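Visitor: Hi! Please show me the model, and then walk me through it.

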Amino acid sequence: MWKLKIADGGPWLKSGNNHIGRETWEFDQNNGSSEERDAVDAARAEFEKNRFRTRHSSDILARMQLAKENNFSLDLQKSKYETTANTDLPTVTKVLKKALSYFSAIQAHDGHWPGDFPGPLFTTATMIIVLYVTESLGITLSSEHRKEICRYLYNRQNTDGGWGLHAEGESSMLSSALNYTALRLLGESVDDGPDMSMPKARKWIHDHGGATMIPILGKVWLSVLGVFEWSGVNPIPPELFLLPSLVPIQPGRLWSHFRMAFIPMSYLYGMKFVGPITELVLSLREELHIHPYKKINWKQARSLCAKEDAYYPHTWLQECLSDCLYSFGEPFLARWPVSYMRRKALQQIAEFLKYEDENSQYICIGAAQKVCAGQLWDVAFAVQAILACNNAEEFGSTLKKAHNFIKASQIVDNPSGDFSRKYRHISKGGWAFQVADQGWQVSDCTAEALKALLMLSKFPSDIVGNQMETYCFHDAVNILLSLQILNMTEIYADIMVEHQYVECTSSVIQALALFREKYPGHRKDEIEQCIRRAAEFVGKLQNDDGSWFGSWGICFTYGTWFAIEGLSAVGQCYNSSTCIRKACQFLLSKQLRNGGWGESHLSSTTKAYTNLDGEKSHIVNTAWAMLALMKAGQVERDPSPLHKAARLIMNMQLGSGDFPQEEMIGSFLKNGPLCYMAYRNIFPMWALGEYHRLVLQSD
């Protein structure tokens, strides 16, 4: 049976802080009782049966293990809705107590809440390709790991045979071709899979033009494997890395996530790297394409992209530039003595990538798929949610562990050496999205962690633990103050340069406002100016309908909640702020008949508010809207919308105290929904906690 190991290290793992927050799965055939194994098999069968209706796993296997370790009786058979019509004080108190007890039971010993972080459906396949071409697939992945990866991919396959860009997406060529390839590399035959999965996948690929229609990211990976030709890939010249840093197209100036994909891709392109051409690779050349491999027009294939993948099509200018680079630039750069530039560029890129690996403990910036989830991010929100429930003393041990996790997750050093020449910013004092080892500070993660720590500092140390050292608070503020500050892909939008976001800006406003209360004299003028400018920026981002676009959550509900929180932190209120009045009108106009809110991931892609199919509510959207309206004083004006929303959330609670896992609620680059597993617990608790305090206790 599988076992989730927490902060336990393992082969090939490196750490500078005892692996805090790291999650790894280990298979032990002797692990678990027969009853536990039966429960695991039953949970698997239930998920597979309902996988087209409920697309996400709810982290049941991990939560079963954690509940057992924390001596919490988790009976999945009792996980059913408990209907209540009452929103009175005793009933809400009971619901909160049950939710908090369950949530505490699934906390890991190091203080975080482990969970899966589903998002893009093509990243696992790229890992399999890397392991195959480096001839380390069998060394790295046990037979049980390979079996589970196959199970995962089959369970994510759509009914039409393809795979979406994400679990809730329509089938795309990128995910379909790569996942089919990964399954073959893992040992699946052309006719394997439940319900003829492999033939159905191959048919979808062929019906949509074959693998030549894959977008550029897929073209690169298939070329590495040897089932695509580098001559069919638009140029990704590594020589750009040699340009002075002042030049806008120097890769070091690009958004961090994009450059850490672009630069390695340019290295592979410059090397024209191809793995061993095995019998399986030769077979895949025939399976993936609709024309004989040797007769494919690779020059023409460069510009092909399936319509299902073309969320952000290339402009004519990009096409002209690619044609010029392909026809004239590449032949010129390949000639001696100019070819020396490529060798020099490749050498510098290799040194750059080694630097990044070492400074992130080999987690790298795209770490979500390596360390499972946004550990720090979830813990910072969880602390605020638990404190909102006014149960700090009863759940002090939970808060103490979370408190210690946040303190231990602060980044204590800047990147090594002359980090500015490696296009890195200071990181000392900040927090990363996941764990400290990763080393990439993020503005809103730093702000939310700082908020949580400042809130905890108001409680006795015997309940929540010792507060963080003063200099660590100062380091965090230093990071926040320092951070105030052309698209090559077809599948994502706004990827090449960093942008400013309402969520990040709001988080910083709230954190600095709290910090100012505790340390009024520290960098007073700079903090005042930063808050003032940030609040002005938030106001300017508001849409005409009163909403704000959320870039990291879905979507307008998320952005509007953050904006209201930020503006309220600087003293704005419903009566004094036109922005907040318009925002409340927007939110109330989107409330559904059942009392909830339910926003589709299509809001992010279309940039227009879109309800879930059938006007279905979503428990997290509902919680965000409640939090925003309560912060804006809806209690004094008309609490009836809040009563309806609270009743909906309470009626959705399961018998265990958990809440149901619903549609993806996070977002990435507009076309990349993400599933934050802990959100279904954190935000309903937070909203009901504030409802308990502001609405019921005020009565």
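Visitor: Which helices do the buried residues of helix 4 pack against?
Guide: They pack against helix 5 (137-140), helix 6 (143-155), helix 7 (173-185), helix 9 (216-225) and helix 11 (279-288). Helices here are DSSP runs (H or I, at least four residues), numbered from the N terminus. This is a predicted model, where local features need pLDDT of at least 70 and side-chain atom pairs pLDDT 80 or more, while totals for chains, interfaces and linings use all residues. Residues are numbered from 1 along each chain as its sequence is written, and side-chain values use heavy atoms, leaving out hydrogens and water.

Visitor: And which residues are buried in helix 4?
Guide: In this helix, residues 123-133, the buried ones are Ala125, Thr126, Ile128, Ile129, Leu131, Tyr132 and Val133. Buried is under 20% relative accessible area, exposed is over 50%, and partly exposed is in between (1.4 Å probe, protein chains only).

Visitor: What follows helix 4?
Guide: Glutamate 135 does, and its phi is positive, near 55°.

Visitor: New topic: how many salt bridges are there?
Guide: The count is 28, taking a salt bridge as a side-chain nitrogen of Lys or Arg within 4 Å of a carboxyl oxygen of Asp or Glu. In one of them, arginine 184 meets glutamate 287, at 2.9 Å from N to O. Arginine 184 sits in helix 7 and glutamate 287 in helix 11, 103 residues apart, so this pair links distant parts of the chain.

Visitor: Is that pair buried or exposed?
Guide: Both arginine 184 and glutamate 287 are buried. For another setting, look at glutamate 46 and lysine 49, whose closest N and O atoms are 3.6 Å apart in a salt bridge.

Visitor: How far apart are those two in helix 1?
Guide: They are three residues apart in helix 1 (residues 34-49), so about one helical turn separates them. An α-helix has 3.6 residues a turn, so residues three or four places apart point the same way. Glutamate 46 is partly exposed at 42% relative accessible area, and lysine 49 counts as exposed at 60%.

Visitor: Which residue does lysine 616 bridge to?
Guide: Its partner is glutamate 663, with 3.3 Å between the closest N and O atoms. Lysine 616 is in the loop between helix 25 (602-606) and helix 26 (619-631), and glutamate 663 is in the loop between helix 28 (640-652) and helix 29 (679-696), so the pair ties together parts 47 residues apart in sequence. Lysine 616 is partly exposed, at 31%, as is glutamate 663, at 22%.

Visitor: Which residues are linked in a network of salt bridges?
Guide: Asp41, Arg44, Glu148 and Arg151 are.

Visitor: OK, where does threonine 557 lie?
Guide: Threonine 557 is in helix 23 (residues 556-569) and is buried, with 1% relative accessible area. Leaving out residues up to four places away in sequence, threonine 557 touches Leu587, Glu599, Tyr609, Asn621, Trp624 and Ala625, where contact means heavy atoms within 4.5 Å. Its C-alpha atom is 10.0 Å from that of serine 603, which is 46 residues away along the chain.

Visitor: Last one: which residues touch the most other members of the largest nonpolar core?
Guide: Trp561, Tyr679 and Phe683 do, out of 185 residues in that core. Such a core is a set of buried Ala, Val, Leu, Ile, Met, Phe, Trp, Tyr and Cys residues joined through side-chain atoms within 4.5 Å. Beyond its neighbours within four places in sequence, tyrosine 679 contacts residues including Trp377, Phe381, Tyr558 and Trp624. A separate core has five residues, among them Leu4, Ala62, Leu66 and Ala108.
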